Amino acid sequence: MTLRTFGFPGRYVQGPGALKEIGATARELGATSVVVVADPQLTEAIEVVRLSLAAAELPARVIHSPAECTEAGAQALVDEAGEFDCVVGFGGGKTIDLSKAVARSSGARLVIAPSIASNDAPTSRLIVLYNDQHKVDRV
């Protein structure tokens, strides 16, 4: 028999109004300052997240995700974000993977808010990194 290990999120919240709970969730996880890595087209929903973080009295900065999830892109987001101890990844698969890479490289807590249902990035520990030629570099 082969042993297998599965890595899943510590908590999974789903349903109407879940975005309004992001601030409370981040606060419960011990966050004191947040960077939101978001798909740029989610402007209205980003405002819901921003208001939720403000209600939880969490200073937050929203930065937009570049098109590809690269190691250099993740480092650029870390540099742009400044000080934070929690990352909220809000968007599709590549944005979520970038959020995971930012959190991993900085040792920050991670909250994921997927914007599409056909995506397993929120429940996976994997990060798919691409190269500058837009091809998968490694997982």
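**Cysteines and salt bridges**

Modeller: The sulfur of cysteine 69 lies 18 Å from the closest cysteine sulfur, that of cysteine 86, which is too far for a bond. Please note that this is a predicted model, in which local features need pLDDT of at least 70 and side-chain atom pairs count only at pLDDT 80 or more, whereas totals for chains, interfaces and linings use all residues. Residues are numbered from 1 along each chain as its sequence is written, and side-chain values use heavy atoms, with hydrogens and water left out.

Colleague: How many disulfides does the structure hold?

Modeller: A disulfide is a covalent bond between the sulfur atoms of two cysteines. The criterion is a pair of cysteine sulfur atoms within 2.5 Å. The structure holds zero disulfides.

Colleague: Is cysteine 69 buried or exposed?

Modeller: Relative accessible area decides this: buried means under 20%, exposed over 50%, and partly exposed in between, with a 1.4 Å probe and protein chains only. Cysteine 69 is buried, at 0%, and cysteine 86 is also buried, at 0%.

Colleague: How many salt bridges does a search of the whole structure find?

Modeller: A salt bridge requires a side-chain nitrogen of Lys or Arg within 4 Å of a carboxyl oxygen of Asp or Glu. The search of the whole structure finds four. One of them joins arginine 50 to glutamate 47, with the closest N and O atoms 3.3 Å apart.

Colleague: Where do arginine 50 and glutamate 47 lie?

Modeller: Helices (H or I, at least four residues) and strands (E, at least two) are DSSP runs, numbered from the N terminus. Both residues belong to helix H2 (residues 43-55), three residues apart, about one turn of the helix. Arginine 50 is partly exposed at 39% relative accessibility, and glutamate 47 is partly exposed at 37%.

Colleague: Which residue meets glutamate 68 in a salt bridge?

Modeller: The partner is lysine 94, at 3.1 Å from N to O. This pair links distant parts of the chain, 26 residues apart: glutamate 68 is in the loop between strand E2 (60-64) and helix H3 (71-81), and lysine 94 is in helix H4 (residues 93-106). Glutamate 68 counts as buried at 14%, whereas lysine 94 is partly exposed at 31%.

Colleague: With which residue does arginine 109 form a salt bridge?

Modeller: Arginine 109 pairs with aspartate 85, the closest N and O atoms being 4.0 Å apart. Here too distant parts of the chain are linked, 24 residues apart: arginine 109 is in strand E4 (residues 109-114), and aspartate 85 is in the loop between H3 and strand E3 (86-91).
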